[in-house]
Amino acid sequence: MIILKNLTLSDGSINDIRIDGGQIVEMGRISDSGTDCTDLIGLSGFVDPHTHLREPGFEASETVLSGTRAASAGGYSAICAMANTDPVADDSNLVERVYDLGVEAGLCFVQPIGAVTKGLKGLELSSIADMSTSRAKVTMFSDDGMCVHDENLMRQALLEVKKFGGVVAQHAQDPKMTVGAQMNQGAVATELGLTGWPAIAEEQIIARDAQLAQETGSRLHICHLTTAGGVEVVRWAKSKGIQITAEVTPHHLLLTEELVRTYDPVYKVNPPLRTADDNTALLAGLVDGTIDMLGTDHAPHSGEKKDCEWENAAFGMLGLESAASILHQVLIQSGAGDWKLFEEIISKRPAKLASLDNHGFIKVGAQANITVFNPHERIAVTEMNQSKSNNSPYLGLEFIGRVQHTIYQGQFSMMNQSVREH
Amino acid sequence: MKHLISIRDLTRDSAVALLDSAQQLSQVNQRTIKSLPALRGKTVVNLFYENSTRTRISFEIAAKRLSADVINFDAQSSSTSKGESLKDTAQTLEALGAAAIIVRHPMSGAAHSLANRGWVSASIINAGDGRHEHPTQALLDAMTIRQQKNSGDDLAGIKVLVVGDIEHSRVARSNMLLLSLLGATVSVAGPGTLVPEGIEAMGAKVYKTFDEALDEKPDVVMMLRVQLERMQKDDTFSTREYIANWSLDQTRLGLLGKETVIMHPGPMNRGLEISNQAANDPRSAVLRQVENGLAVRMAVLHRVLSGEDSN
């Protein structure tokens, strides 16, 4: 049994929470004993709609165990694992395998995402229906890393997931406009001599897919939105009642293309870092609800993939352990939003997106998935070391605000800033 | 100065000092015995991942005139074809005693990475990285302009026009930065598809046509090489149109002032970006550029390896 004492919830109320048998069994004023949470914020366990776990296939970069350790340290009780493993998670055996590895690790819920197309090749649909009825109960499908570029295939995928209320999560990147692209297109790319990645390559795919979602009446999710124009397109689509959701990554809220001037591939990411104006538009979109949620796009890479020339380096950066601290900085510390919005962005809406019914709630009778956040204490990024990889773009920085405890299925997966395997 | 990666590493004063030093060192090239003992016992490696006989030879002679030991490492045909990374190759060269590594690489930022990522402690000189920069080319161009225009320390008030494929040109980028740092007014003109977005941020004015740019009476016209090997893959590139619009042909040659300096980084495509007449014109400084390249590279090698300058 766990009792959390004096926890401040997102609505400002102060509660004790008693957890037993994996569930929240009592809330209110309970007892004088328990884990003191005075001045700490209690939120429904964080849910990441967008994680790369790298297992199977790239275990030198991350495994399900190391990735879920990083998730627990970051306050996540559930993560959605992208399909671009080797082999690709494009049939029921493969998604069940990742699902089982998550259960075995036991640190947070691992919800596999299925590939939209076989082998992420963009040529024919994967076994979407099989994956949805598998033990892994996949409802979200994505070719992330690759765009489902063929419009007819995208339409077929939307129709296919509609049958069971699923969703297609699109990595919006027109491949023809981004051949060899290395960074955001513009003056910085021009000076650095790196091939630019025009914003329109992202925006026109979002616009096309929004129309396909409208026509099919199906659900569309936009992965890692990065441009001010993209926010405008999603805003338009929502105004038309289209079933569209969108995520933004912590790094696209915080970092800009100026960092690429170092040619340090730790800043190389797909989609690329954009401009300060884009950061501003993304935050505004997050605050007004155009962007629904935070997705980390946690993308571990082993050392040699980054310790090389920019153009030879892999795309991607770590995200799970730093996400909440960054959201705290850009949303709470800046005064742009409150804890209710914070909880919506990092827990409730992504839980809903991935149909994770046990996540996103703190209430009596619910499975106990709770994150206790300490908004007062500092964290150095060097302390974020659970991942097998170290490609964090924030190394050397400190943030105010860190995860104190993470409770998954009624047990501490992180207690007093220390990950606990069971 | 430990490395030379980008013109952004220089100040106006350090650039002028390099040009002064190059001017002095150029006298060595007029002597019967063309060498100085300045870098005796130091090993300099030419690490070239792209074919460039001219630049490599220029660096090689420059290093030899300063009595350095020079090793040419043709990376195209050696370890890289076996999959060795730039980092490992550079570390190997350093283990063999390289004090300076002169690197030419097809990827933008390669020289920057060698200098700044803690891979090696040798001095790094950028001999051209992707389409990013070619700083010694810009320095030799600045030196040439300074000589031809007798302009004193810097290039204040001089109007330079750069014409051609700006998009893929590291020569253009380094020149825009250096010549404006030295007080010149830099303009560029080229086909719309070959003038990249945001180039104005590097200090250049953009003209839509060659003729409009010539109306401004530039003091220097720098023609860029058409990178044929690249253009042949581009379906939209038409040699005929390029010549009509962007070649320094006989007609345009006639529009230049008497004192206008014609420059080209070489190798020239005669009849394409530059007509035979323009290449042979007495106003052409092309061979002077090559000569100055030697002096500038001596000055840069001396600066990075002598340890006299802590900048």
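**View 1. The lining of the second largest pocket in a predicted model.** The second largest pocket is lined by 20 residues, and those that lie nearest its centre are A:Arg54, A:Asn84, A:Gly145, A:His301 and A:Phe315. A pocket is found on a 1 Å grid over the protein atoms alone, as an open set of points with protein on both sides within 12 Å along at least five of seven lines, and lining residues have an atom within 4 Å of a point. The volume of this pocket is about 390 Å³, where a volume is the space filled by probe spheres set on the points, which are joined across faces, edges and corners. Seven of the lining residues are nonpolar, nine polar and four charged. In these classes, Ala, Val, Leu, Ile, Met, Phe, Trp, Tyr, Cys and Pro count as nonpolar, Asp, Glu, Lys and Arg as charged, and the others, Gly among them, as polar. The model is predicted, with pLDDT of at least 70 needed for local features and 80 or more for side-chain atom pairs, while totals for chains, interfaces and linings use all residues; side-chain values use heavy atoms, without hydrogens and water. Residues are numbered from 1 along each chain as its sequence is written, and chains are lettered from A, and ligands numbered from 1, in the order in which they are written.

**View 2. The loop between S6 and H1 of chain A.** A:Arg54 is found in this loop and has a positive phi of about 70°, although it is not a glycine. A:Pro56 also lies there, between strand S6 (46–51) and helix H1 (64–73). Helices (H or I, at least four residues) and strands (E, at least two) are DSSP runs, numbered from the N terminus. The peptide bond from A:Glu55 to A:Pro56 is cis, with omega near 5°.

**View 3. Cavities.** Three cavities of 30 Å³ or more are counted; a cavity is a set of grid points where a 1.4 Å probe fits but cannot get out. The largest has a volume of about 70 Å³, and its lining includes A:Ala70, A:His298, A:Glu321 and A:Met384. That lining divides into five nonpolar, four polar and one charged. The second largest cavity holds about 40 Å³ of space. Among the residues that line the second largest cavity are A:Glu55, A:Met82, A:Thr85 and A:Ile113. By class, its lining has seven nonpolar, one polar and one charged residues.

**View 4. The contact of chain B with chain A.** Chain B gives 23 residues to the contact and chain A gives 20, contact meaning heavy atoms within 4.5 Å. About 1,700 Å² is buried between the two chains, 48% of it from carbon and sulfur atoms. Buried area is the accessible area (1.4 Å probe) that two parts lose on being put together, summed over both. In chain B, the residues that lose the most area to chain A are B:Met107, B:Arg117 and B:Glu197, together 32% of what that side buries.

**View 5. Salt bridges between chain B and chain A.** Three salt bridges cross this interface, each a side-chain nitrogen of Lys or Arg within 4 Å of a carboxyl oxygen of Asp or Glu. In one salt bridge the side chains of B:Arg117 and A:Asp307 meet (3.8 Å, N to O).

**View 6. A cis peptide bond in chain B.** B:Gly266 and B:Pro267 are joined by a cis peptide bond with omega about -10°. B:Pro267 is in the loop between strand S9 (261–263) and helix H11 (276–280) of chain B.
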